[in-house]
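Subject: Structure for your review

Dear colleague,

Please find below the structure that I am handing over to you. I would be grateful if you could read the notes alongside it.

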Amino acid sequence: MARSEWLRSLGVEEPLILAPMAGGPSTPELVAAVSNAGGLGSLGAAYQTPEQLTRDIQRTRELTDKPFGVNLFAGGYKVPAQVDAGPMLALLSEVHEAYGLPPPSLPALPSDPFPEQLEAVLEARPAVFSFTFGIPSREVLARLRTRGIASVGTATTLEEARLLVEAGVDAIAAQGAEAGGHRGTFASPFEQALVPILELVAGMVRAVSVPVIASGGLMDGRDMAAAMKAGSSAVQLGTAFLTCPESGASEAYKRAILAAKQDTTVITRAFSGRPARGLANTFTSRLQGQEQLIPPYPLQNALTRAMRTAGAKRGESGFLSLWAGQGVARTRVMPAGELVHLLLEEMRQAQ
Ligand SMILES: Cc1cc2nc3c(=O)[nH]c(=O)nc-3n(C[C@H](O)[C@H](O)[C@H](O)COP(=O)(O)O)c2cc1C
(Lines give C-alpha, C1' and ligand atoms only; values in the text may rest on other atoms or scores of the structure.)
Protein backbone atom coordinates (compact mmCIF):
# COMPACT_ATOMS: atom_id res chain seq x y z
CA MET A 1 0.00 0.00 0.00
CA ALA A 2 1.31 3.45 -0.91
CA ARG A 3 1.90 5.60 2.19
CA SER A 4 -0.57 8.19 0.94
CA GLU A 5 -3.31 5.52 0.99
CA TRP A 6 -2.87 4.68 4.67
CA LEU A 7 -5.57 6.92 6.16
CA ARG A 8 -8.03 6.03 3.41
CA SER A 9 -7.47 2.37 4.16
CA LEU A 10 -8.76 3.14 7.68
CA GLY A 11 -11.88 4.80 6.27
CA VAL A 12 -10.68 8.39 6.71
CA GLU A 13 -11.42 10.44 3.59
CA GLU A 14 -9.13 13.43 4.07
CA PRO A 15 -5.45 13.67 5.10
CA LEU A 16 -6.28 15.89 8.08
CA ILE A 17 -5.96 14.84 11.72
CA LEU A 18 -7.09 16.76 14.81
CA ALA A 19 -4.11 16.66 17.18
CA PRO A 20 -4.92 14.92 20.44
CA MET A 21 -5.05 17.59 23.17
CA ALA A 22 -5.15 16.19 26.69
CA GLY A 23 -6.29 18.27 29.62
CA GLY A 24 -9.65 19.45 28.28
CA PRO A 25 -9.53 20.79 24.71
CA SER A 26 -10.25 17.55 22.82
CA THR A 27 -13.85 16.88 23.82
CA PRO A 28 -15.95 14.13 22.19
CA GLU A 29 -17.82 16.98 20.44
CA LEU A 30 -14.63 18.35 18.86
CA VAL A 31 -13.34 14.89 17.92
CA ALA A 32 -16.65 13.87 16.34
CA ALA A 33 -16.99 17.17 14.44
CA VAL A 34 -13.59 16.65 12.78
CA SER A 35 -14.31 13.01 11.96
CA ASN A 36 -17.78 13.86 10.62
CA ALA A 37 -16.20 16.46 8.31
CA GLY A 38 -13.94 13.78 6.78
CA GLY A 39 -10.81 14.13 8.93
CA LEU A 40 -9.62 12.00 11.84
CA GLY A 41 -10.55 13.34 15.29
CA SER A 42 -8.35 12.30 18.24
CA LEU A 43 -9.19 12.13 21.92
CA GLY A 44 -6.30 13.24 24.15
CA ALA A 45 -6.92 10.87 27.04
CA ALA A 46 -3.59 10.93 28.88
CA TYR A 47 -4.93 12.55 32.06
CA GLN A 48 -8.09 10.44 32.19
CA THR A 49 -8.97 7.42 34.29
CA PRO A 50 -9.87 4.27 32.33
CA GLU A 51 -13.54 4.96 33.21
CA GLN A 52 -13.44 8.56 31.91
CA LEU A 53 -11.64 7.41 28.79
CA THR A 54 -14.22 4.68 28.13
CA ARG A 55 -17.05 7.18 28.65
CA ASP A 56 -15.51 9.70 26.24
CA ILE A 57 -15.08 7.01 23.58
CA GLN A 58 -18.72 5.97 24.01
CA ARG A 59 -19.87 9.59 23.80
CA THR A 60 -17.78 10.13 20.66
CA ARG A 61 -19.38 7.05 19.11
CA GLU A 62 -22.81 8.53 19.84
CA LEU A 63 -21.79 11.61 17.86
CA THR A 64 -20.08 9.96 14.89
CA ASP A 65 -19.90 6.62 13.13
CA LYS A 66 -16.62 7.65 11.48
CA PRO A 67 -13.17 6.51 12.65
CA PHE A 68 -11.30 8.46 15.33
CA GLY A 69 -8.15 8.03 17.42
CA VAL A 70 -7.26 7.90 21.12
CA ASN A 71 -3.93 9.18 22.46
CA LEU A 72 -1.94 8.41 25.62
CA PHE A 73 1.45 9.25 27.14
CA ALA A 74 3.59 6.13 26.68
CA GLY A 75 6.61 6.96 28.77
CA GLY A 76 8.39 9.59 30.81
CA TYR A 77 6.40 8.80 33.95
CA LYS A 78 8.91 8.34 36.72
CA VAL A 79 7.90 8.93 40.30
CA PRO A 80 11.08 10.47 41.74
CA ALA A 81 12.53 8.70 44.73
CA GLN A 82 13.87 11.85 46.35
CA VAL A 83 13.36 15.37 45.13
CA ASP A 84 13.66 18.54 47.15
CA ALA A 85 10.39 20.22 46.24
CA GLY A 86 10.76 22.75 49.09
CA PRO A 87 11.74 25.76 46.95
CA MET A 88 8.93 25.06 44.47
CA LEU A 89 6.40 24.67 47.29
CA ALA A 90 7.56 28.04 48.67
CA LEU A 91 7.17 29.70 45.30
CA LEU A 92 3.72 28.19 44.75
CA SER A 93 2.61 29.29 48.25
CA GLU A 94 2.66 32.91 47.05
CA VAL A 95 0.24 32.11 44.24
CA HIS A 96 -1.94 29.95 46.47
CA GLU A 97 -2.18 32.77 48.97
CA ALA A 98 -3.16 35.27 46.31
CA TYR A 99 -5.82 32.84 45.05
CA GLY A 100 -7.10 32.08 48.57
CA LEU A 101 -6.07 28.41 48.25
CA PRO A 102 -4.71 26.30 51.10
CA PRO A 103 -0.89 26.09 51.05
CA PRO A 104 0.46 23.61 48.48
CA SER A 105 1.70 20.25 49.72
CA LEU A 106 3.68 17.40 48.24
CA PRO A 107 1.14 15.24 46.39
CA ALA A 108 1.10 11.45 46.62
CA LEU A 109 1.77 10.33 43.07
CA PRO A 110 -0.03 7.27 41.77
CA SER A 111 1.89 4.76 39.65
CA ASP A 112 2.05 5.18 35.87
CA PRO A 113 -1.57 5.19 34.63
CA PHE A 114 -0.60 3.98 31.13
CA PRO A 115 -1.05 0.19 31.58
CA GLU A 116 -4.65 0.52 32.81
CA GLN A 117 -5.54 3.24 30.32
CA LEU A 118 -4.21 1.02 27.55
CA GLU A 119 -6.46 -1.88 28.60
CA ALA A 120 -9.45 0.46 28.24
CA VAL A 121 -8.26 1.45 24.75
CA LEU A 122 -7.78 -2.19 23.71
CA GLU A 123 -11.27 -2.96 24.98
CA ALA A 124 -12.88 -0.03 23.14
CA ARG A 125 -10.98 -0.63 19.87
CA PRO A 126 -10.80 2.85 18.32
CA ALA A 127 -9.50 2.90 14.72
CA VAL A 128 -6.24 4.55 15.76
CA PHE A 129 -4.11 4.63 18.90
CA SER A 130 -1.46 7.34 19.00
CA PHE A 131 1.10 7.99 21.70
CA THR A 132 3.88 10.34 22.72
CA PHE A 133 6.80 10.53 25.22
CA GLY A 134 8.15 7.06 24.38
CA ILE A 135 7.46 3.65 22.86
CA PRO A 136 5.16 1.02 24.35
CA SER A 137 6.57 -2.51 24.56
CA ARG A 138 6.55 -4.79 21.53
CA GLU A 139 3.94 -6.86 23.28
CA VAL A 140 1.62 -3.84 23.58
CA LEU A 141 2.10 -2.96 19.91
CA ALA A 142 1.36 -6.56 18.94
CA ARG A 143 -1.85 -6.55 21.02
CA LEU A 144 -2.97 -3.36 19.30
CA ARG A 145 -2.34 -4.98 15.93
CA THR A 146 -4.26 -8.12 16.87
CA ARG A 147 -7.23 -5.96 17.82
CA GLY A 148 -7.12 -4.13 14.48
CA ILE A 149 -6.05 -0.79 16.02
CA ALA A 150 -3.55 1.19 13.93
CA SER A 151 -0.65 2.64 15.96
CA VAL A 152 0.94 6.07 15.54
CA GLY A 153 4.07 7.06 17.48
CA THR A 154 5.39 10.60 17.94
CA ALA A 155 8.95 11.42 16.85
CA THR A 156 10.83 14.70 17.08
CA THR A 157 14.04 13.45 15.41
CA LEU A 158 14.99 10.97 12.68
CA GLU A 159 16.52 8.71 15.31
CA GLU A 160 13.22 8.54 17.21
CA ALA A 161 11.38 7.79 13.97
CA ARG A 162 13.73 4.87 13.27
CA LEU A 163 13.26 3.50 16.80
CA LEU A 164 9.48 3.67 16.41
CA VAL A 165 9.59 1.86 13.07
CA GLU A 166 11.84 -0.84 14.53
CA ALA A 167 9.27 -1.30 17.30
CA GLY A 168 6.57 -1.85 14.68
CA VAL A 169 4.35 1.28 14.54
CA ASP A 170 2.07 1.81 11.53
CA ALA A 171 2.75 5.54 11.12
CA ILE A 172 4.76 8.37 12.66
CA ALA A 173 3.57 11.77 13.84
CA ALA A 174 6.52 14.07 13.11
CA GLN A 175 6.42 16.82 15.72
CA GLY A 176 8.22 19.93 14.51
CA ALA A 177 9.81 22.56 16.74
CA GLU A 178 6.83 24.86 16.09
CA ALA A 179 4.32 22.53 17.76
CA GLY A 180 2.14 23.56 20.68
CA GLY A 181 1.98 21.43 23.82
CA HIS A 182 4.48 18.98 25.25
CA ARG A 183 7.53 17.98 23.28
CA GLY A 184 7.30 14.27 22.54
CA THR A 185 11.08 13.88 22.64
CA PHE A 186 12.15 10.61 24.24
CA ALA A 187 15.50 9.54 22.80
CA SER A 188 17.40 12.75 22.05
CA PRO A 189 18.42 15.74 24.19
CA PHE A 190 15.48 18.20 24.09
CA GLU A 191 17.64 21.03 22.76
CA GLN A 192 18.69 18.94 19.77
CA ALA A 193 15.15 17.85 19.02
CA LEU A 194 13.77 21.19 17.85
CA VAL A 195 13.69 20.62 14.09
CA PRO A 196 11.43 22.85 11.93
CA ILE A 197 8.53 20.80 10.61
CA LEU A 198 9.23 20.94 6.86
CA GLU A 199 12.83 19.90 7.40
CA LEU A 200 11.80 17.13 9.81
CA VAL A 201 9.22 15.71 7.39
CA ALA A 202 11.58 15.83 4.41
CA GLY A 203 14.24 13.93 6.37
CA MET A 204 11.80 11.46 7.85
CA VAL A 205 10.16 10.39 4.60
CA ARG A 206 13.64 9.48 3.37
CA ALA A 207 14.64 7.74 6.61
CA VAL A 208 11.57 5.51 7.10
CA SER A 209 9.04 3.79 4.87
CA VAL A 210 5.86 4.16 6.98
CA PRO A 211 3.47 7.13 6.54
CA VAL A 212 4.67 10.39 8.13
CA ILE A 213 2.14 12.82 9.61
CA ALA A 214 3.32 16.44 9.80
CA SER A 215 2.48 18.41 12.94
CA GLY A 216 3.64 21.72 14.34
CA GLY A 217 2.67 25.28 13.48
CA LEU A 218 0.32 24.35 10.62
CA MET A 219 -2.57 26.81 10.71
CA ASP A 220 -4.04 27.04 7.20
CA GLY A 221 -4.34 25.16 3.94
CA ARG A 222 -1.15 26.69 2.54
CA ASP A 223 0.84 25.34 5.46
CA MET A 224 -0.82 21.96 4.92
CA ALA A 225 0.02 21.98 1.20
CA ALA A 226 3.66 22.76 2.01
CA ALA A 227 3.82 19.82 4.43
CA MET A 228 2.24 17.48 1.87
CA LYS A 229 4.74 18.73 -0.72
CA ALA A 230 7.56 17.90 1.67
CA GLY A 231 6.30 14.31 1.61
CA SER A 232 3.93 13.92 4.52
CA SER A 233 0.98 11.55 4.08
CA ALA A 234 -1.28 13.65 6.30
CA VAL A 235 -1.16 16.71 8.56
CA GLN A 236 -2.10 17.04 12.23
CA LEU A 237 -3.29 20.39 13.64
CA GLY A 238 -3.84 21.27 17.29
CA THR A 239 -3.70 25.00 17.99
CA ALA A 240 -5.89 25.78 14.95
CA PHE A 241 -8.79 23.92 16.65
CA LEU A 242 -8.34 25.22 20.22
CA THR A 243 -10.75 28.12 19.82
CA CYS A 244 -13.51 26.18 18.08
CA PRO A 245 -16.79 26.29 20.04
CA GLU A 246 -16.57 22.49 20.49
CA SER A 247 -13.13 22.75 22.13
CA GLY A 248 -13.08 22.27 25.89
CA ALA A 249 -10.29 24.83 26.45
CA SER A 250 -11.30 27.25 29.22
CA GLU A 251 -12.61 30.67 28.24
CA ALA A 252 -9.53 32.37 29.70
CA TYR A 253 -7.31 30.10 27.58
CA LYS A 254 -9.32 30.80 24.43
CA ARG A 255 -9.18 34.56 25.07
CA ALA A 256 -5.40 34.42 25.54
CA ILE A 257 -4.99 32.52 22.26
CA LEU A 258 -7.09 35.06 20.36
CA ALA A 259 -5.25 37.98 21.97
CA ALA A 260 -1.88 36.75 20.63
CA LYS A 261 -1.07 38.99 17.69
CA GLN A 262 2.36 37.48 17.15
CA ASP A 263 4.27 34.42 18.25
CA THR A 264 4.70 34.97 21.99
CA THR A 265 5.19 31.28 22.74
CA VAL A 266 8.05 29.86 24.78
CA ILE A 267 9.19 26.34 25.57
CA THR A 268 8.87 25.93 29.31
CA ARG A 269 9.05 23.24 31.99
CA ALA A 270 7.24 25.52 34.42
CA PHE A 271 3.85 23.85 34.48
CA SER A 272 4.52 20.14 34.20
CA GLY A 273 8.25 19.53 34.54
CA ARG A 274 8.46 18.52 30.84
CA PRO A 275 9.31 20.96 28.08
CA ALA A 276 6.16 22.20 26.35
CA ARG A 277 5.38 25.14 24.05
CA GLY A 278 2.79 27.66 25.18
CA LEU A 279 2.10 31.40 25.45
CA ALA A 280 4.39 33.20 27.87
CA ASN A 281 2.51 34.44 30.94
CA THR A 282 3.04 35.48 34.55
CA PHE A 283 4.02 31.99 35.69
CA THR A 284 6.48 31.24 32.86
CA SER A 285 8.11 34.64 33.47
CA ARG A 286 8.23 34.01 37.22
CA LEU A 287 10.23 30.82 36.63
CA GLN A 288 12.49 32.14 33.93
CA GLY A 289 16.09 31.69 35.01
CA GLN A 290 14.95 29.51 37.93
CA GLU A 291 14.47 26.28 36.00
CA GLN A 292 16.60 24.42 38.52
CA LEU A 293 13.74 24.76 41.03
CA ILE A 294 11.34 22.80 38.83
CA PRO A 295 10.95 19.13 39.79
CA PRO A 296 10.55 16.64 36.94
CA TYR A 297 7.32 15.43 35.34
CA PRO A 298 4.90 14.21 36.69
CA LEU A 299 5.64 15.79 40.09
CA GLN A 300 5.58 19.41 38.88
CA ASN A 301 2.39 18.71 36.95
CA ALA A 302 0.71 17.55 40.15
CA LEU A 303 2.16 20.47 42.17
CA THR A 304 0.76 23.12 39.81
CA ARG A 305 -2.67 21.50 39.32
CA ALA A 306 -4.52 23.43 42.06
CA MET A 307 -3.08 26.73 40.80
CA ARG A 308 -4.09 25.98 37.20
CA THR A 309 -7.60 24.88 38.15
CA ALA A 310 -8.11 28.00 40.28
CA GLY A 311 -6.81 30.23 37.47
CA ALA A 312 -9.25 28.72 34.97
CA LYS A 313 -12.16 29.12 37.42
CA ARG A 314 -11.30 32.78 37.96
CA GLY A 315 -11.00 33.36 34.24
CA GLU A 316 -7.37 34.50 34.57
CA SER A 317 -4.69 33.28 32.21
CA GLY A 318 -1.58 34.33 34.18
CA PHE A 319 -1.18 30.99 35.94
CA LEU A 320 -2.68 28.65 33.34
CA SER A 321 -0.73 26.47 30.94
CA LEU A 322 -1.58 28.09 27.61
CA TRP A 323 -0.21 25.47 25.20
CA ALA A 324 -0.03 26.84 21.67
CA GLY A 325 2.11 26.45 18.56
CA GLN A 326 4.11 29.13 16.83
CA GLY A 327 1.29 29.86 14.38
CA VAL A 328 -0.94 31.02 17.25
CA ALA A 329 -1.49 34.54 15.84
CA ARG A 330 -3.21 33.01 12.80
CA THR A 331 -5.94 31.28 14.84
CA ARG A 332 -9.46 31.55 13.43
CA VAL A 333 -12.74 31.01 15.23
CA MET A 334 -15.43 28.84 13.67
CA PRO A 335 -17.14 25.50 14.23
CA ALA A 336 -14.69 22.62 13.79
CA GLY A 337 -16.52 21.08 10.81
CA GLU A 338 -16.42 24.41 8.97
CA LEU A 339 -12.73 24.78 9.77
CA VAL A 340 -11.99 21.33 8.33
CA HIS A 341 -13.79 22.21 5.09
CA LEU A 342 -12.04 25.58 4.85
CA LEU A 343 -8.59 24.07 5.51
CA LEU A 344 -9.10 21.40 2.84
CA GLU A 345 -10.37 23.93 0.32
CA GLU A 346 -7.37 26.21 1.00
CA MET A 347 -5.01 23.25 0.70
CA ARG A 348 -6.42 22.26 -2.68
CA GLN A 349 -6.10 25.80 -3.95
CA ALA A 350 -2.49 25.95 -2.80
CA GLN A 351 -1.49 22.59 -4.36
C1 LIG B 1 -3.33 22.07 24.12
C2 LIG B 1 -2.48 20.99 23.52
C3 LIG B 1 -2.47 19.74 24.12
C4 LIG B 1 -1.73 18.71 23.54
N5 LIG B 1 -1.80 17.46 24.09
C6 LIG B 1 -1.21 16.41 23.45
C7 LIG B 1 -1.43 15.08 23.90
O8 LIG B 1 -2.15 14.83 24.86
N9 LIG B 1 -0.81 14.08 23.22
C10 LIG B 1 -0.03 14.32 22.12
O11 LIG B 1 0.48 13.37 21.52
N12 LIG B 1 0.20 15.57 21.68
C13 LIG B 1 -0.39 16.62 22.32
N14 LIG B 1 -0.19 17.90 21.84
C15 LIG B 1 0.71 18.12 20.71
C16 LIG B 1 0.00 17.86 19.40
O17 LIG B 1 -0.12 16.48 19.18
C18 LIG B 1 0.74 18.45 18.18
O19 LIG B 1 2.09 18.06 18.19
C20 LIG B 1 0.67 19.97 18.14
O21 LIG B 1 -0.60 20.43 18.50
C22 LIG B 1 1.00 20.45 16.74
O23 LIG B 1 1.29 21.80 16.73
P24 LIG B 1 0.18 22.96 16.57
O25 LIG B 1 -0.50 23.06 17.90
O26 LIG B 1 0.99 24.14 16.22
O27 LIG B 1 -0.78 22.52 15.49
C28 LIG B 1 -0.93 18.95 22.39
C29 LIG B 1 -0.94 20.22 21.82
C30 LIG B 1 -1.71 21.24 22.36
C31 LIG B 1 -1.71 22.58 21.69
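The notes below concern the ligand, its surroundings and one serine.

The model is predicted: local features need pLDDT of at least 70, side-chain atom pairs count only at pLDDT 80 or more, and totals for chains, interfaces and linings use all residues. Residues are numbered from 1 along each chain as its sequence is written, and side-chain values use heavy atoms, with hydrogens and water left out.

Several polar contacts (pairs of N or O atoms within 3.5 Å) can be listed:

- A backbone N or O atom of P20 is 3.3 Å from a nitrogen atom of the ligand.
- For A22, a backbone N or O atom lies 3.2 Å from an oxygen atom of the ligand.
- In S215, a side-chain N or O atom is 3.2 Å from an oxygen atom of the ligand.

Taken alone, the ligand exposes 600 Å², and the protein buries 97% of that (Shrake-Rupley method, 1.4 Å probe).

S215 itself lies in strand β8, residues 212–215 (strands are DSSP E runs of at least two residues). S215 has a relative accessible area of 9% and is therefore buried (under 20%, protein chains only). Leaving aside neighbours within four places in sequence, S215 is in contact (heavy atoms within 4.5 Å) with A174, Q175, G176, A179, I197 and Q236.

Yours sincerely

Conventions. Helix = DSSP H or I, 4+ residues; strand = E, 2+ residues; numbered from the N terminus. Buried < 20%, exposed > 50% of the residue type's maximum accessible area, 1.4 Å probe, protein only. Polar contact = N/O pair within 3.5 Å; in protein donor to acceptor, adjacent residues only side chain to side chain.
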